[in-house]
Amino acid sequence: MLKPKRLQALLEQSLSTTVSSALLFTASGSLLAYASKPKPTTAAAAKEARTQAALASAIWQDYDVLGRSGVVGEVLGEQESGSRPGSGSSGGSESNGIAGRWRSVGADEHGAGTRWVCVEAEMGTLMIVKVDVDSERNAVHEQLLVCLIGGKGAEEGILKAKADGLGRYLAEALVEPETNGP
Amino acid sequence: MRKKVLLMGKSGSGKSSMRSIVFSNYVAKDTRRLGATIDVEHSHVRFLGNLVLNLWDCGGQDAFMENYLASQRDHIFRNVEVLIYVFDVESREFDRDLHTYTQCVDALAQNSPDAQVFCLIHKMDLVQEEARESLFQDRQNALRERTRLRKGVTCLATTIWDETLYKAWSSIVYTLIPNIPTLERHLAHFAEIAEAEEVVLFERTTFLVISHAAGAQDAEHPDPHRFEKISNIVKQFKLSCSKMQSQFNAFELRAHNFSAFIDVLTPNTYIMVVMSDPAVQSATTLMNIATARKYFDKIEANDRGSKDQR
């Protein structure tokens, strides 16, 4: 189950001078929690966050399809397909991430979809990362995504590292406890 | 599990009307077309899936009452879990009603000594508001005196025109549900994790409140009658949905300082979650309800399993 206050506190920790927003949402676009600077108190800020979540999930879904079919490379004009197995750690991330000029996509090892999408736009950067919960033990039976929105000075590396950290923490927290009965 | 519930009282006191509203989706106005009940009307009401309320709506005319107390005595009064006796508050022969009531309670004490008795002082809408409390107290004292049963008697003032009907029937049915402490514990746990202001569990068809839990709160809630009011309101809404040929499934209300969600929890219950922090997104609460669904289903299945073994 999701504890709203704790989720928000967690997302707030990712914020900094360059990272202006952090969102947690489902792959279908429903916003679960958000944090942004300056601290939002209005309904308008909530509405904006919901719009951002909807757009981010739409972007994600487009690339997720490509990640699953393994033809990312072709679409982006590369020779190799994106489904070659490779580790997701920082050393090997370029081997299964195809960096385009303005977008990069990391494909999953088993061809099971995309792992992260980064969009560099004029006014800032969007980093969307999949929260990788073991599907059998997933307490929240839906694909969750984390999105960090960085301003002009944000570097892709820092954003990716923060988003990964967030994703890993959530993946552990959202695993169902092994109990025999309620 | 079958539980026998007797519904008795003088002719015209309102027994069939109450039964129709609570269990048969009648609206208060529809009860006008109900006629006198002839002899006993049996209805088997499925409640919470595995509980069957064997409701004996006994006709209140003198001829029938004499019959019940004489020739059909054992048949009627044996194996009873709950006796609901309805008094019409406007009756001019309260002493005579009391006498008949005492006879019924005696018959009950002989045949089902462990039964629970509820006395509903009905049609309270016909009494002046200022006089209601004192009149109810008078009746209650008289009844308490006359009921010599192990479990005593519980008196409730009711009318079909407001939520007191739901309060009374919720209290009655609450005593019949076997695993209430477990349900309440889990509900409280859910309320704590989901950071909800209040969580209420309703039965699926009748919308009677089974149980409720509150999250961490400082003050007592100002309205102790909110549950039956909600039962009443949501049930009316559900009925109006079915009049439009659509099924009521779930409900989400977002106001500027709170949000409320009513959704199916198990095949036999609805849950209502009230969140007081408007910053919490709807999707989060709905997801929490979805997660809780599995656990409550498991509880219900466990109970059903253990009952089948008995």
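In this predicted model, Arg96(B) forms a salt bridge (a side-chain nitrogen of Lys or Arg within 4 Å of a carboxyl oxygen of Asp or Glu) with Glu93(B), their closest N and O atoms lying 3.5 Å apart. Arg96(B) is partly exposed at a relative accessible area of 43%, where partly exposed stands between buried, under 20%, and exposed, over 50% (1.4 Å probe, protein chains only).

The structure holds 10 salt bridges over all chains, and another of them joins Asp97(B) to Lys10(B), with closest N and O atoms 4.0 Å apart. Asp97(B) belongs to helix 4 (residues 94-111) of chain B and Lys10(B) to the loop between strand 1 (2-9) and helix 1 (15-23) of chain B, so the pair ties together parts 87 residues apart in sequence; helices (H or I, at least four residues) and strands (E, at least two) are DSSP runs, numbered from the N terminus. Asp97(B) is buried, with a relative accessible area of 7%, whereas Lys10(B) is partly exposed at 29%.

Residues are numbered from 1 along each chain as its sequence is written, while chains are lettered from A and ligands numbered from 1 in the order in which they are written. Local features need pLDDT of at least 70 and side-chain atom pairs count only at pLDDT 80 or more, whereas totals for chains, interfaces and linings use all residues, and side-chain values use heavy atoms, leaving out hydrogens and water.
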